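Please look over the sequence and the structure first.

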Amino acid sequence: MTLEEMKNKIYSMIEEYNETAENLTDDEDLATKMNGVINQVQNELSRFKKIDEYTELEVEEGEAIDLTDIDPDIYQLNVIKGVSYEPIGNKIIFNENGIAKIYYFRYPAQIDSETEDDYVFELDRDALEILPYGVAGDLLKSDVSSQYGTIYSNRYRELVNSLDPRKSMPTMSFEGGVDI
């Protein structure tokens, strides 16, 4: 899904969509806030439905690296295979020479006022279907004349609570039978 498609979805949901307007809405205040709020909500959702990444680094015994040396957008280290290591705070100390196969989670590319509408989201589809509710809730939370902000925020929290964070199901197989 592109940023423009997401904006269409959000503006339609909150009944502010105008396909002939330059920013897809006649409300300049909403247009000004839109990209920032979308970015905030996508970052939050990326912590529930994580974006997997993988890289390999040649490392030496005793070498220490910062997590951000792996990727400036790293959110959380998953596992390192191929070499012995110790994670200490935001650093990783390698206990041997070799190729470190690093699996980690990262934040999506950040959206700001300069982000083009053809930007393609990196979140999974189920998270993208929740994102409009979070954005609508944040955009409308200061509108005291209606309760739409609260309604959308409540729906967002309900959907986030039902979001399945798994990307795959673990499996086990037993060869040669099982003796119970």
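The dialogue below takes up one feature at a time.

Q: What kind of model is this?
A: This is a predicted model, in which local features need pLDDT of at least 70 and side-chain atom pairs count only at pLDDT 80 or more, while totals for chains, interfaces and linings use all residues. Residues are numbered from 1 along each chain as its sequence is written, and side-chain values use heavy atoms, with hydrogens and water left out.

Q: Which residues of H5 are buried?
A: An α-helix has 3.6 residues a turn, so residues three or four places apart point the same way. Helices are DSSP runs of H or I with at least four residues, and strands are runs of E with at least two, numbered from the N terminus. Buried means under 20% relative accessible area, exposed over 50%, and partly exposed in between (1.4 Å probe, protein chains only). In H5 the buried residues are Gly-149, Tyr-152, Ser-153, Tyr-156, Leu-159 and Val-160. They cover an arc of only 125° around the axis (taken from the directions from the helix axis to the C-beta atoms), which puts them on the same side of H5.

Q: Which residue forms a salt bridge with Asp-117?
A: Side chains of opposite charge can pair when their charged atoms come close. A salt bridge is a side-chain nitrogen of Lys or Arg within 4 Å of a carboxyl oxygen of Asp or Glu. Asp-117 pairs with Lys-7, the closest N and O atoms being 2.8 Å apart. Asp-117 is in the loop between E6 and H4 and Lys-7 is in helix H1, 110 residues apart. Asp-117 is partly exposed at 29% relative accessible area, whereas Lys-7 is buried at 11%.
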